Structures are given as structure tokens and as C-alpha cells.
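Subject: Structure handover

Hello,

Please load it first, then read the notes below.

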Amino acid sequence: MNKERYRQAEQRLWASVGLEPADRKVSLHRLDTTVRVLEVGEGPDVLFVHGVSASGANWTPLVARLDGFRCLLLDRPGCGLSDPLDADLSNLGRFGEVAAALVVDVLDGLDVQTAHVVATSLGGHVALRGAAAHPDRVERMVEFGYVPGAPLARLPISMRIAAVPGVRRLMTSIPPSRSSITAILRQLGMGSALKDGRISPEMVDWFHALLRDTPTLRNEMNLPRELSQKAGKGPETLPASLLAEVRCPVVFAWGDDDSMGGADVARSFVPLIPGAELDLWDDTGHAPWMVDPDRAAALVADFFSR
């Protein structure tokens, strides 16, 4: 591990978009750990919750285009430069408890009563559980891409390999190469964005440093396997009864070519949340805000300003 090298890669990423976020350590009293939150801009509070094996800097392309908001970019526990949790998150019940508490715990640590939320993938799962458990704390929510708990149409090859017994430990013991990072991004539907430069070299370098120089990948291997099982083959991880408790307005920006589940999955899942809207993006994979950050920023600004 080389966290200083990671910091340098992250700083280069932020410098490439002309920003220098404030860096905060936030104590979580419910979950008994300390997390890192990056802060950019001024205005209504927006908490950003990233997906698997990422960190708050994952949102850099979007935040760089989002004016008029105080963007609070969380490194989830165990990811980036946040401390891990002293809990066995491979247990689905315990994971659900942590997920339901995380958003409100971070808001309390920041002394923020209510906030908008932007989330993606596993972070979207966490945000939905938090909104259901604490409906008075989340104002509006934008979800980018597939959310674990929705029907799983297919699993990227890198995730299928990681599910093989013994391979998870091996993956965390071998430092990833830059080429393996670009391969992962292509599997997630970002091949054309890599080729034409919409995903910058600084972004690829940041992702490489995150997985090479921090314990993020190792910590994320402790997640429940049920989250990556096909629908009907294990516990329902986001039951309809829980989704019905989400009271805040929600919009999903969902790629029709999402590697986890595209248009059909989106159309079946989104209506389970009362009043939720679906904005389906053509020819787009699992990370829409990275492929078209201008469109993503316009959607977020419009939805939160209604």
C-alpha cells in the first residue's frame, strides 16, 4: 500500500479539471468509524455515494460541471482514504443494517440536517436503504445506473472470476496493472469514452492508484455474495416492501447497455419506487456520468432545483 502515491494521483485528477477540494475527516457515531469526505462548491448540500471499489473522486467529471451546490464526496468505509468498519459485511443482514445507517451517519457527522443524494451501483443500494430508513433526511435523489438488488441480467467477466473460490484472495495479492484497469472500464461499457478521451488519462491513473495503493479492493471483497446473484437465486436484497418506503423524489439515469442489466431491467425495477422517474440513456453502460458528464450535470442540477 502507498497512500501518498494515491493522494498524488487523486490531486492530479482534480487539477486536470481545475478544482482543489477541501479534505475532511468525519466521525461516524452509529457505525463507529471515521470516513473521508471531499468538499467542492457552495449551495444546497449534495452527498455523493460511489459504487464498488471506488472512492469519492470517482465523481470528478460530474462535480467539475455542477455549479451552485455544495458537493460532499464520500469515501465509503474501507474505500479510498476512509477507515474500514469493524464488522463482517459478508453477512447480508449486517450489511443491510450498515447500509441503512450510512447516509444519515455521514450527514450527522457533517452537521447537515437534510441533503440531496447522488449515488451509483452499490452506493445506490446504500442510498435507497438510507432513504427508506430515514425519509426525513433525504430531499431528492439521483441514481446513476444499475443498483444491486434489481434483477441481474448478466455479470461482467471480472466479477464472475472474482466469485470463484480462492480467486478473491489472489486478486487482492497481485497489484493491478494499468491495462487491467482499462479492461475493467471497457467491460463496464466505457470503451468508446476511453478511446475518444472523454475518460481522461488522469482518471485512469487515479483508478489504477486506488486499487494498487489503497486497501479498497481488499475491503470490498468482504461484501455479501447475494448482491451479485441472479434474481430468484438467493435472498431478495432490495425487497419491494423496502423500496415502497422511499418517500423522496428519485430519478434514475440508466444506460440501456448497462453491463449488469439494461433497459428491460430498468423498466421493471424503477416503478417499484413510488413516483420514481427513469431517464434511459442510449448506447450507454454502467457509469453514465463518466461517459457524458455534461448531460449528467444538467440532469442533476435540473432535478435538484425543481
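A residue counts as buried under 20% relative accessible area, as exposed over 50%, and as partly exposed in between. Asp 196 has a relative accessible area of 48%, so it is partly exposed. Keep in mind that this is a predicted model.

Salt bridges

I looked at charged pairs to begin with. Side chains of opposite charge can pair when their charged atoms come close. The structure holds 22 salt bridges.

Glu 220 and Arg 76 form one of them, with their closest N and O atoms 2.5 Å apart.

Asp 196 pairs with Arg 198 in a salt bridge. The closest N and O atoms are 2.9 Å apart. Arg 198 is at 38% relative accessibility, so it counts as partly exposed. Asp 196, at 48%, is partly exposed too.

Asp 302 and Arg 306 form a salt bridge with the closest N and O atoms 3.7 Å apart. The two partners fall in separate classes. Asp 302 is at 45% relative accessibility and counts as partly exposed. Arg 306 is at 54%, so it counts as exposed. Elsewhere, salt bridges with shared partners join five residues into one network: Arg 7, Glu 10, Asp 23, Arg 36 and Asp 75.

Val 142

Where is Val 142 placed? Val 142 lies in strand β6, residues 138-144. Its relative accessible area is 0%, so Val 142 is buried. Which residues is Val 142 in contact with, leaving aside its neighbours within four places in sequence? They are Val 117, Val 118, Ala 119, Val 251, Leu 299, Val 300, Phe 303 and Phe 304. For a distance check, take Leu 66: Val 142 and Leu 66 are 76 residues apart in sequence and 14 Å apart in space, C-alpha to C-alpha.

Best regards

How values were computed:
Residues numbered from 1 in each chain as written. Predicted model: local features only at pLDDT ≥ 70, side-chain atom pairs only at ≥ 80, totals over all residues. Heavy atoms only, no water. Salt bridge = Lys/Arg side-chain N within 4 Å of Asp/Glu carboxyl O. Buried < 20%, exposed > 50% of the residue type's maximum accessible area, 1.4 Å probe, protein only. Helix = DSSP H or I, 4+ residues; strand = E, 2+ residues; numbered from the N terminus. Contact = heavy atoms within 4.5 Å.
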